[in-house]
Amino acid sequence: MPLQFFPKGFLLLPYFKLPFRTLAVSISLFLLVSIPSITSAQVDLNFYLPQNQNYNTSIPKPNSVLGFEVGEWHVRHDQLVHYMQTLAVASDRIQIREYGKTHELRPQLVLIVTSPLNHSKLDRLQKEHNALLSGDKAKEYDFENMPGVVWLGYSIHGNEPSGSNASLLVAYHLAASQSKDVEKLLNENIILIEPSLNPDGLNRFANWVNMHRSKNLIADKNSREHLERWPSGRTNHYWFDLNRDWLPLQQPESKNRIKLFHEWTPNLLTDHHEMGTNSTFFFQPGVPSRIHPLIPQKNYELTSKMAQYHARALDEIGALYYTRQNFDDYYFGKGSTYPDINGGVGILFEQASSRGHVQESDNGLLSFPTTIQHQFTVSLSSLQAAKDMRVELLQHMRQFYIDALEASKKDEAKAYIFGSRVDPALNFHFLDMLKAHDIEIYELEEDATVGEFEFKKESAWVVPTRQAAYGVISAVFQRNTVFTDSLFYDISAWTMPLAFNIPHAEIRSKSKADELQGKKIDKLALPSAKIIGDSSQYAYAFEWNDYYAPKVLNLLLQAGVNARVAMRPFDSQVLGSVKNFAVGTILIPVALQPMQPGELTSLLQKLSRENAVQVFALKSGLSSAGIDLGSPSFQVLRKPKVLLLVGEGVSSYDAGEIWHLLDFRFDLPVTLIDVENFSQVKLHEYNTLILANGNYVNLDSNLVQKVEQWVSDGNTLVAVRGAVNWLMKNNIVITQTKKMQSPGIVNPDNRRAYGLQGNDRGARTIGGAICAVKLDLSHPICYGYSYDEMSVFRRGTLFMKAAKNPYSTPVVYAENPLQSGYISNENLELLKDTAVIVTEKHGNGRIVLFADNPNFRGFWFGTNKLFLNSLFFAQAIQ
């Protein structure tokens, strides 16, 4: 039958084919079309499971363990774990494994589901499967008898729970079904079920909707049940979006998961999500023009072929869907895209969300069981596709790695060399991220100068491009400023060495790459450090260039240690030689401390060893060049007492990144206070107030005056992105911004096609790019940096003008700022030479303004110190 195309404006009435069920189904009317809507009080397994199948009665059904039917309540994570463990005990088709723990110590589980015979030889099958990654053209494989590997991943966003609740049904079906089709599926495939990719978020959301569930279910969208409070269950404990962390790997959930991923390297990975209540259902391939160039065409073809399976399955239950709009396959930090550069196929599913147990929608009543039914349906269609396409998927994986090695030969970059000569901890974190992605790393054989950088043998490494992980290496190191589409679902750039601010360069000569490639790295550990010069009765110093120097300073201040920062360079004798110290060096005078010299030495030894920060024992206060140690150019530092405003109107992502940075990485206590409770706070109990990106519309004029007075009394206010706009709007700061002159590109007659409106709007935003900036290394905000150029992550259209005070703009955008990613020409013109950071003096206090997020997604290590300097050194700014 030929395809029938319909014109715009054609009214489509959905036809719902409702299979026979053994339960009563409530019917709601929409446009005179009957739409099935089942309430959770009515549901039983027959609503979900395939017809005409027999199930093993010795396998426990979900309700026998949970005490309720799937969809009647939102399953908590502990209940989910309990059922899966019970199922694993009852079925010889299932092994269960705890592969990690979350921040809140919830177990991360994976079910390995396959035939008992496959279980008996699982290690061998795993080894044979991973041999596909060799890229060996000559190696022969018995694809007809090789099992495929399928990964079903559910609800990485905790408040998109239909996936995790559907996993109960998937696990039961695979464990209990006695159909020949399921037996064949399990004989020929190894299925990994991850029932909850975000246990902490799932539990948070389940508690919210269950505590607001009425006996008589409320569909009113205004009900408290459907209006989850800040920060929502979408994120993990520190409010990170785990579906942006597959590549950066900054959260334990992601680090644990990626280790498991590379143990199996699945042929197919499904990623189950939810979207707006008034939507329908989405499955990939997504927008064809927004596929990353590193993803092969074959991947798109396989994805499109699988789409036919999902379409047939959803057609059968009468569900509306779409496939080639809105969502893309570009950023490799997402679960549905990461497999695509690892020889597999990732599939994104997006189900309209009931955000509770039942809710009104443009499509009629949307019940929680219906959302679960759809996720279960496409789980089965994915498994059917995997079964039918098993050989093709296995062959694709083999060919992917053969092609990767061939592509590496053609790549101008034969290797990447990188390493900081002054920051071993930063090197460690970068290496740790690379190693987690199964990237082969080698020590530098000898000192080398490549491009503008000098690399030292003991502090630099080489990553050859000719290896299995070529795709991931390219994703990590490459820069791109040329695109076929100006719209992106997420960020358009993430070049990791720029994010880490690590010197790096391409090696374009194969012989040079081989010459510099030393011993392969097998294990990593944070380097240890010590006190140079043993001990001192006079003073100690440590330099600010080390990533964890702020942590050492913080812990010293928490211990009551008197510390001060050098505002000018100095030198001192260390082990008989003159050692030069730059601005930003921290000085610890022994005689001024509240502890005995021996206790101070022991504390410094411990902090130095644990944080890779060298401490120097100084024997005299006299400097042969620069300031002496008693100079007024040493500023005494105070312990930051930090208040971070959170709650409605504040970006939970940005606030969470700050909380994570200070609390988790740097052990700096931070008090989280809701915006709505801010009026009750005694501000004088804190000396640092952080306003993360947000609108702060709930802060009235009285609070504005309160903040202004508090700053003038000698305290520090740090504002990021949207918070800067709020400060300007309320005349708290004098900094100004550039404004966009035009809402977009227009024709001479001031007309544009209506259908282009969305594209025009998207092209005018800056969704996420990397830009070059210039630093004033003498400014306290820039202490600890060795080069006067670096990279920042740019998002949004806040264009701050440089300060009127010529000494108060420590970081500005370069004249040609774009390094990687997409920014329109109009925005690039506006961005040139604007301020990244502006400082203002208000009475005895200081305000530091950030146009960009210096802590983006936890992986922007390179700009963390700019932010930390604003907490420790703002009061040193004159």
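Helices (DSSP runs of H or I, at least four residues) and strands (DSSP runs of E, at least two residues) are numbered from the N terminus. On this basis the secondary structure of the protein comes to 23 helices and 37 strands. The model is predicted: local features need pLDDT of at least 70, side-chain atom pairs count only at pLDDT 80 or more, and totals for chains, interfaces and linings use all residues. Residues are numbered from 1 along each chain as its sequence is written, and side-chain values use heavy atoms, with hydrogens and water left out.

The overall dimensions were computed from the C-alpha atoms. Along the principal axes, these atoms fill a box of roughly 90 × 70 × 65 Å. The radius of gyration is taken over C-alpha atoms, and the globule rule is 2.2 Å times the number of residues to the power 0.38. For 878 residues, a compact globule would have a radius of gyration near 29 Å, and the value for the protein, 29 Å, agrees. Residues are classed by relative accessible area as buried (under 20%), exposed (over 50%) or partly exposed (in between), with a 1.4 Å probe and protein chains only. Of the 878 residues, 61% count as buried. Accessible areas come from the Shrake-Rupley method with a 1.4 Å probe, and for residues only the protein chains shown count as cover. The accessible surface of the protein comes to about 35,200 Å², and 49% of this belongs to carbon and sulfur atoms. A contact means heavy atoms within 4.5 Å. Among contacts between residues at least 6 apart in sequence, 79% join residues at least 24 apart.

Helix α16 (residues 549–558) is mostly covered, with eight of its 10 residues buried. The buried residues of α16 include Pro-550, Val-552, Leu-553, Leu-556 and Leu-557. Their cover includes the strands β20 (539–542) and β24 (586–589) and the helices α17 (597–611), α18 (652–665) and α23. After α16 comes Gly-560, which has a positive phi, near 85°.

Ala-549 belongs to helix α16 and is buried, with a relative accessible area of 0%. Leaving aside neighbours within four places in sequence, Ala-549 is in contact with Phe-542, Glu-543, Trp-544 and Val-613. Ala-549 and Phe-666 are 117 residues apart along the chain, and their C-alpha atoms are separated by 9.4 Å. Tyr-330, in the loop between α9 and β9 (345–352), is also buried, at 5% relative accessibility. Not counting residues up to four places away in sequence, Tyr-330 touches residues including Arg-290, His-292, Phe-483, Phe-488 and Trp-494.

Backbone geometry was examined at several loop positions. Trp-230 and Pro-231 are joined by a cis peptide bond with an omega of about 0°, and Pro-231 is found in the loop between α7 (199–211) and α8 (252–264). Leu-105 is not a glycine but has a positive phi of about 65°. Leu-105 lies in the loop between β3 (94–101) and β4 (107–113) and counts as exposed, at 61% relative accessibility. Asp-667, also not a glycine, has a positive phi of about 50°. Asp-667 is found in the loop between α18 and β28 (670–674) and counts as partly exposed, at 37% relative accessibility.

A pocket is an open set of points on a 1 Å grid over the protein atoms alone, where a 1.4 Å probe fits and protein lies on both sides within 12 Å along at least five of seven lines; lining residues have an atom within 4 Å of a point. Grid points are joined across faces, edges and corners, and a volume is the space filled by probe spheres set on the points. The second largest pocket holds about 570 Å³ of space. Its lining has 25 residues, of which Pro-50, Ala-313, Thr-377, Leu-380 and Ser-381 lie nearest the centre. Two or more lining residues come from each of α5 (162–176), α6 (180–188), α9 (297–316) and α10 (368–388). The largest share, eight residues, comes from α10.
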